[in-house]
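Please open the structure in a viewer and keep the sequence at hand.

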Amino acid sequence: MARRPPFTASDVKCTWDLLLGKSPENLRANPRKAWYQNLEEVTADGDFTATFRLKRPQSRRYIALLASGYAPVYPCPRFRPRDMRQHPIGTGPFKFVEFKPNEYIKVARNPV
């Protein structure tokens, strides 16, 4: 079985750079951009620490948003957004098996 590259803070930074439009790559559609209007920048401070710098103080609601299922972290910069649409990967409970556009996406239990 192929070993996945480690999930690191650079994935977190790259994801939010995409969401904020600060990346040379673009998401085809980004309905979440408005959610992060208060986010100034994300920095990767070592392999496993990412810092979110806000433009102004915000309630705990922001932390809840980051912890929700609506804030996935993409495995970038190793993959381009258009590649992730066809071959998604992640660190969650499921792994990608098959994708048939406009029909279905098949996943299986992730043993790790």
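A residue counts as buried under 20% relative accessible area, as exposed over 50%, and as partly exposed in between. The model is predicted.

**First stop: W16 and Y36**

Select W16 and Y36 and display their side chains. The two rings form an edge-to-face aromatic pair, with 5.8 Å from centre to centre and 90° between the planes. This pair links distant parts of the chain: W16 belongs to helix α1 (residues 9–20), Y36 lies in the loop between α1 and β1 (39–44), and 20 residues separate them. Are these residues buried or exposed? W16 has a relative accessible area of 2% and is therefore buried. Y36, at 1%, is buried as well.

**Second stop: F52**

F52 has a relative accessible area of 26%, which lies between the limits of 20% and 50%, so F52 is partly exposed.

Now extend the selection to W35 and Y62. Together with W16, Y36 and F52, these residues form one aromatic cluster. With ring centres within 6.5 Å taken as the criterion, the count comes to four aromatic pairs.

Next, select W16, Y36, L39 and Y74. These are the residues with the most contacts inside the largest nonpolar core, which has 16 residues. Helix α1, strand β1 and helix α2 (61–67) each supply at least two residues of this core. Which element gives the largest share? It is α1, with six residues. In soluble globular proteins, nonpolar side chains tend to be buried together.

Select Y74 and show its surroundings. Leaving aside residues up to four places away in sequence, Y74 touches D11, T15, L18, L27, R32 and M84.

From this list, move to T15, which is found in helix α1. T15 has a relative accessible area of 0% and is therefore buried. Its side chain reaches the backbone oxygen of D11 at 2.8 Å. Again not counting residues up to four places away in sequence, T15 touches P72, V73, Y74 and C76.

Terms used:
Residues numbered from 1 in each chain as written. Predicted model: local features only at pLDDT ≥ 70, side-chain atom pairs only at ≥ 80, totals over all residues. Heavy atoms only, no water. Phe/Tyr/Trp six-rings, centres within 6.5 Å; stacked < 30°, edge-to-face > 60°. Helix = DSSP H or I, 4+ residues; strand = E, 2+ residues; numbered from the N terminus. Buried < 20%, exposed > 50% of the residue type's maximum accessible area, 1.4 Å probe, protein only. Core = buried A, V, L, I, M, F, W, Y, C linked by side-chain atoms within 4.5 Å. Contact = heavy atoms within 4.5 Å. Polar contact = N/O pair within 3.5 Å; in protein donor to acceptor, adjacent residues only side chain to side chain.
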